[in-house]
Amino acid sequence: MRTSSKILTGLVVLVVLFLAGFVYYKFCFVYSEGVNEGDINYFQKEGFIFKTYEGKMIQSGYNSKNANTTIQSNEFRFSVEDEAIAKRLNESSSRQVKLHWKRYLGTLPWRGRSQYIVDDIIDTKNAKPVENDPFPDVPTNIN
């Protein structure tokens with residue numbers, strides 16, 4: 001009887017350790033981090049129970065994979081946990097911003113809907129967009 005209870009206790013301990021490791025890896029381990037720069041498309045506080053800050057950044061650039069260079073844009077969806085960073089992002093509307101983010105493998109309802117969590121604003125460019133110019137950064141002499 002004593003041997004079987006030791007085996008059962010050992011199995012329970014192993015299962016608990018495995019689950020704790022899995023939860024840590026999935027929700028607390030920073031898988032990657034980096035910097036993205038672009039224009040904030042939208043930034044809002046949303047949610048039914050957990051109010052989180054969610055945003056989308058548009059990153060413009062050139063696609064030069066073929067002979068015809070084309071203009072492309074990528075979306076970067078992110079969440080913000082820190083209230084001070086959210087306030088700074090709200091104040092940075094209509095400006096190009098450079099954001100530092102951390103990526104987690106899983107999402108938590110109180111952290112946001114995205115795996116990408118912005119933890120710092122590195123730079124905001126003060127240039128205001130030109131009125132009636134849909135592509136202000138595109139040179140006019142593209143062949």
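User: pLDDT is the predictor's confidence in each residue, from 0 to 100. What does this protein average?
Analyst: The average is 83, and 80% of the residues score at least 70. This is a predicted model, so local features need pLDDT of at least 70, side-chain atom pairs count only at 80 or more, and totals for chains, interfaces and linings use all residues. Residues are numbered from 1 along each chain as its sequence is written, and side-chain values use heavy atoms, without hydrogens or water.

User: How many helices and strands are there?
Analyst: The protein has 2 helices and 5 strands. Both are DSSP runs numbered from the N terminus: helices are H or I, at least four residues, and strands are E, at least two.

User: In what order do they run?
Analyst: From the N terminus, the order is α-β-β-β-α-β-β.

User: Where is confidence lowest and highest among them?
Analyst: Strand β2 is lowest, with a mean of 84. Strand β4, residues 96–104, is highest at 93.

User: And where does pLDDT stay under 50?
Analyst: Over residues 138–143. The model has 4 contacts for that stretch beyond four places in sequence. A contact means heavy atoms within 4.5 Å.

User: What is Thr 52 in contact with?
Analyst: Leave aside neighbours within four places in sequence. Then Thr 52 contacts Gln 44, Lys 45 and Glu 46, and also Pro 109, Trp 110, Arg 111 and Gly 112.

User: How much of the protein is buried?
Analyst: Buried residues make up 24% of its 143 residues.

User: New topic: helix α2. Which residues are buried there?
Analyst: Ile 85, Ala 86 and Leu 89 are buried in α2, which spans residues 83–91. They cover an arc of only 100° around the axis, so they lie on the same side of α2. The arc is that of the directions from the helix axis to the C-beta atoms.

User: What is on the other side of α2?
Analyst: Lys 87 and Glu 91 are there, and they are exposed.

User: What about Leu 19, and where is it?
Analyst: Leu 19 is in helix α1, residues 2–27. Its relative accessible area is 47%, so Leu 19 counts as partly exposed.

Notes. Buried means under 20% relative accessible area, exposed over 50%, partly exposed in between (1.4 Å probe, protein chains only).
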